Amino acid sequence: MPKNKSTNSDHTVLRKPAEVQFADQIEALRQNDTGIAPASWILSPRAVLDYLIGGKVLSVTIDGTKTKIEITKKFFGDERIIERAIVTLASERALLLVGEPGTGKSWVSEHLAAAISGNSTLTVQGTAGTTEENIKYSWNIARVIADGPCPDNLIPSPTMVAMRQGGLLRFEEITRCVPDVQDSLVSILSDKVIVIPELPDANTMWAKPGFNVIATANTRDQGVNDLSAALKRRFNYVHIPIVADQNTEIEIVEQRTAELMQHYDVQLQIPRPIIELLATAFRELRQGKTNDGIKVKQPSTTLSTAEAIGVALDAALYAQYFGAGKVSAADVARNILGSIVKEDPADAKILKEYAMLIAKRRGKDKRWNEFHNTMSQIIP
């Protein structure tokens, strides 16, 4: 099978949006799509699901050349979660992806937008400083002073662009916004309109069919700025869980790390047993219990799968630039500290205790012996 082009192999940009990086997969699904797509969608709901779940090899003609494209897996959990998300986006209600930090909410949001509307870049990042203007529209002040308010002097927000195109707006970390700013979404979600009182002759902008919103919120942020009851009613909540199965987590870390290593031109490979060690350490510290039932202390940090992917990439970069040319358990130990010990210095003691009690017990295994010895040097 020809090599899948769904990688970010050139160096013109640091990171391409999903619809560019995976353009060949989206095109393959489009050419093989026999389902009915809702208004403004580029794929049918079934094809969008296939894009997220992966596992198919499709024949496709690109630039006049017939080839086969593998649809890679982007979501590793229960596919019913993605089904509910897709159905929500085809309905009147908006979608709120909720979960622990690092569970892939933004990743899912980006790929849903890429597969549904072909544009994942219409994004509002929620922060304490996000304003109503960031959500609706603003003005070119210099031109307004010169010419007064007119449509040409209006600066549309990503929301307004999505409404004009019938596309999807991604609203990241919505609960980080203050309630007054959040509530500016109510009329947009209920009436599908933005009112522009400064333009008497063009004071409303209605959304094109297909417009909808994908928001994300961390469970650890809940209570910071809870959504109002009015706004909650307009969202369908879909919870993205932490990966429950260890083999699945290993598969995620292996695939995503390989993609990132290609992007960063890492010429090495991480052996599967090293990925297994990393995923095991993360899982056992996260759960406070080893696979054989021994209780261990839990660090205060989240220890998400995304953090494990970051450690794997750092270990590979370290091995390439400073190490022995192959990724070892020692490289993992050298690069795990920054992901586990963040705000609370006591987490260093917990990590050391894990290395002394658990990794040392597994010392007959060369990988765990390397991990233990290196941690002993890093955290004396």
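This is a dialogue on how to read some features of a predicted model.

Visitor: What should I know about the model before reading it?
Guide: The model is predicted; local features need pLDDT of at least 70, side-chain atom pairs count only at pLDDT 80 or more, and totals for chains, interfaces and linings use all residues. Residues are numbered from 1 along each chain as its sequence is written, and side-chain values use heavy atoms, with hydrogens and water left out.

Visitor: How many helices and strands does the protein have?
Guide: Helices (H or I, at least four residues) and strands (E, at least two) are DSSP runs, numbered from the N terminus. The protein has 17 helices and 11 strands. Its C-alpha atoms fill a box of roughly 80 × 50 × 40 Å along the principal axes.

Visitor: What share of the residues counts as buried?
Guide: Buried means under 20% relative accessible area, exposed over 50%, and partly exposed in between (1.4 Å probe, protein chains only). Of the 380 residues of the protein, 48% are buried.

Visitor: Among contacts between residues at least 6 apart in sequence, what share joins residues at least 24 apart?
Guide: Contact means heavy atoms within 4.5 Å. Of the contacts between residues at least 6 apart, 70% join residues at least 24 apart.

Visitor: How do I read the packing of α13 and α15?
Guide: Two packed helices are described by the angle between their axes and the distance between the axes. Axes are lines fitted to C-alpha atoms, for helices over the stretch in contact, and angles run from 0 to 180 degrees between N-to-C directions. Here the axes of α13 (residues 272–287) and α15 (residues 329–340) come within 10 Å and cross at roughly 30 degrees. The contact is made by Ile-274, Leu-277, Leu-278, Phe-282 and Leu-285 of α13, together with Ala-329, Val-332, Ile-336, Ser-339 and Ile-340 of α15.

Visitor: How do the residues of that contact divide into nonpolar, polar and charged?
Guide: Ala, Val, Leu, Ile, Met, Phe, Trp, Tyr, Cys and Pro count as nonpolar, Asp, Glu, Lys and Arg as charged, and the others, Gly among them, as polar. The contact of α13 with α15 has nine nonpolar residues, one polar and no charged.

Visitor: Is α15 largely enclosed or largely open, and why?
Guide: Nine of the 12 residues of α15 are buried, so the helix is largely enclosed by the rest of the structure. Among them are Asp-331, Asn-335 and Ser-339. The buried residues of α15 pack against α13, α14 (305–321), α16 (346–359) and α17 (366–378).

Visitor: What surrounds Leu-285?
Guide: Leu-285 lies in helix α13 and is buried, with a relative accessible area of 1%. Leaving aside neighbours within four places in sequence, Leu-285 is in contact with Lys-297, Gln-298, Pro-299, Leu-303, Ile-340, Ile-350, Leu-351 and Tyr-354.

Visitor: Where is Leu-303, and what is its phi?
Guide: Leu-303 sits in the loop between α13 and α14. Its phi is near 55 degrees, a positive value in a residue other than glycine. Leu-303 is buried, at 1% relative accessibility.

Visitor: Which other residue has a positive phi near 55 degrees?
Guide: Asp-265 has a phi near 55 degrees and is likewise a residue other than glycine. Asp-265 is placed in the loop between α12 (246–263) and α13. With a relative accessible area of 35%, Asp-265 is partly exposed.

Visitor: How many salt bridges are there?
Guide: Side chains of opposite charge can pair when their charged atoms come close. A salt bridge is a side-chain nitrogen of Lys or Arg within 4 Å of a carboxyl oxygen of Asp or Glu. The count by this rule is 16.

Visitor: Which residues form them, and are those residues buried or exposed?
Guide: One of the salt bridges joins Arg-80 and Asp-78, with the closest N and O atoms 2.7 Å apart. Arg-80 is exposed at 53% relative accessibility, whereas Asp-78 is partly exposed at 32%. Another joins Lys-136 and Glu-132 at 3.2 Å, N to O. Lys-136 is buried, with a relative accessible area of 15%, while Glu-132 is partly exposed at 36%. Salt bridges that share partners also join Glu-249, Arg-283 and Arg-286 into one network.
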